[in-house]
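Please look over the model below before reading my comments.

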Amino acid sequence: MSANPARSWRVLLADDDAVLRERMARALRDRGHEVATAPDGSAALVLADSFEPDAAVLDLRMPGEDGLACLPRLLARHPEVRVVILTGYGSIASAMEAVRGGVWDYLTKPVDADQLMAVLARDEPRNEEGEGAVSAAPASLERVEWEHLQRVMADCGGNVSQAARMLGLHRRSLQRKLQKMPPPR
């Protein structure tokens, strides 16, 4: 498999967040890649058999079969596939489990299409010491806060009042924060 970033990839994208999944799929298609999407690991496995991807992007936490549960079965069927695990809830333990399981890399959300393709185009996967990852500057405090608010809103199904209670904020304060554009990384 060539490491040429300009090549066209066949990417399988599995994430339970439909908005994120379709946004990433559209961004990858706009860059000339063929993309198939699935809402969970089980659907991704079925789709992988017919789609025959070069790369798979799996969300760590999905209802039903999550990314780590799907990983060994996907690699057993398609050992040449470069698998990237995405998560909004990164931890050292889950990253190490993913790397030991054979992932190409492990990235925390949000990830843009260019960052994802740079990771897939590398010649070597991430190793257990974390080497091989595309280095990125840490997110700003404002960006981390904004991402956390987005995750809580998603967990609450978009219910601002429920999210505000969970965050210990007044509903209007949360609404003002949500109206702002995402801060730069």
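The numbered points below concern a predicted model.

1. The sheet is open and has five strands in the order β2-β1-β3-β4-β5, with parallel pairing. Because β2 (34-38) and β5 each have a single partner strand, they stand at the edges, and one side of each lacks a neighbour in the sheet. From one strand to the next, the twist averages 20 degrees.

2. Strand β4 (residues 82-87) has six of its six residues buried. In a regular strand, side chains alternate between the two faces of the sheet. Here both faces of β4 are covered: R82, V84 and L86 are buried on one side, and V83, I85 and T87 on the other.

3. On one flank, β4 pairs in the parallel sense with β3 (residues 55-59) over five bridges. The bridge partner of A56 in β4 is V83, and D59 stands opposite L86. Strand β4 also pairs in the parallel sense with β5 (residues 105-108), over four bridges. There, I85 stands opposite Y106.

4. The buried residues of α3 include G67, L68, C70, L71, L74 and L75. They lie on the same side of α3, because they cover an arc of only 145 degrees around the axis.

5. Helix α2 (residues 41-51) lies across β1, β2 and β3 and runs at about 150 degrees to β2.

Methods. Residues are numbered from 1 along each chain as its sequence is written. This is a predicted model: local features need pLDDT of at least 70, side-chain atom pairs count only at pLDDT 80 or more; totals for chains, interfaces and linings use all residues. Side-chain values use heavy atoms; hydrogens and water are left out. Buried means under 20% relative accessible area, exposed over 50%, partly exposed in between (1.4 Å probe, protein chains only). Helices (H or I, at least four residues) and strands (E, at least two) are DSSP runs, numbered from the N terminus. Two strands pair if DSSP finds at least two bridges between them. The arc is that of the directions from the helix axis to the C-beta atoms. Axes are lines fitted to C-alpha atoms, for helices over the stretch in contact, and angles run from 0 to 180 degrees between N-to-C directions. Contact means heavy atoms within 4.5 Å.
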